[in-house]
Amino acid sequence: MATLPVYRWRLAPDGYATRRQLRARNLRPGGQDVAAQLERPRRRRGPLVAYLYRVDLAKPVRPMTPGRWAALAKANTARRICPACRRDAGYVIPTSLGMCVPCAYPDPDGSEGTA
């Protein structure tokens, strides 16, 4: 197995990019293997690693179809529905709570929203 070229952080040659950098250029890896990696040393822990892909082999990002837009809208709507009270919370339900804030922290007095 061939080893990947390893470059220090911010010292990669031109022609390589991370997934995020490719996406900023409206590109995707397109099935190519990782071409190199960046390593950023850290104290007391292993280095941070970022994988690099060749820009010349990258393909354009696939466009969003109406079906994909509909699926994305449905998924985002589902993230707003509280599983406890089944109401639209008006915001994305925090995964740390698992339910909307009024269900997670019910008012002991029973009064809703009186200030």
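## An aromatic pair

By the ring rule, this predicted model contains 1 aromatic pair. The partners are Tyr7 and Tyr16: their ring centres lie 6.1 Å apart and their planes meet at 45°, so the pair is tilted. The rule itself covers the rings of Phe, Tyr and Trp (for Trp, its six-membered ring), which pair if their centres lie within 6.5 Å; planes under 30 degrees apart are stacked, those over 60 are edge-to-face, and the rest are tilted.

How accessible are the two tyrosines? Tyr7 has a relative accessibility of 23% and counts as partly exposed, and Tyr16, at 23%, is also partly exposed. Here buried means under 20% relative accessible area, exposed means over 50%, and partly exposed falls in between (1.4 Å probe, protein chains only).

If you were looking for disulfides, the structure holds 0 of them. Cys85 is in no disulfide, and its nearest cysteine sulfur, that of Cys82, is 3.6 Å away. Cys103 is in no disulfide either, with the sulfur of Cys100 as its nearest at 3.4 Å. For a disulfide, a pair of cysteine sulfur atoms must lie within 2.5 Å.

Cys85 is partly exposed at 25% relative accessibility, and Cys103 is partly exposed at 24%.

## Fold and overall dimensions

Which secondary structure elements does the protein chain have? There are 3 helices and 6 strands, and along the sequence they follow the pattern β-β-α-β-β-β-β-α-α. These elements are DSSP runs numbered from the N terminus: helices are H or I with at least four residues, strands are E with at least two.

The radius of gyration of the protein chain is 23 Å, whereas a compact globule of 115 residues would have one near 13 Å. This radius is taken over C-alpha atoms, and the globule rule is 2.2 Å times the number of residues to the power 0.38. The C-alpha atoms fill a box of roughly 65 × 45 × 30 Å along the principal axes.

## Burial and contacts

Of the 115 residues in the protein chain, 16% count as buried. Among contacts with a separation of 6 or more, 49% come from residues 24 or more positions apart; a contact means heavy atoms within 4.5 Å.

## About the model

Residues are numbered from 1 along each chain as its sequence is written, and side-chain values use heavy atoms, with hydrogens and water left out. In this predicted model, local features need pLDDT of at least 70 and side-chain atom pairs count only at pLDDT 80 or more, while totals for chains, interfaces and linings use all residues.
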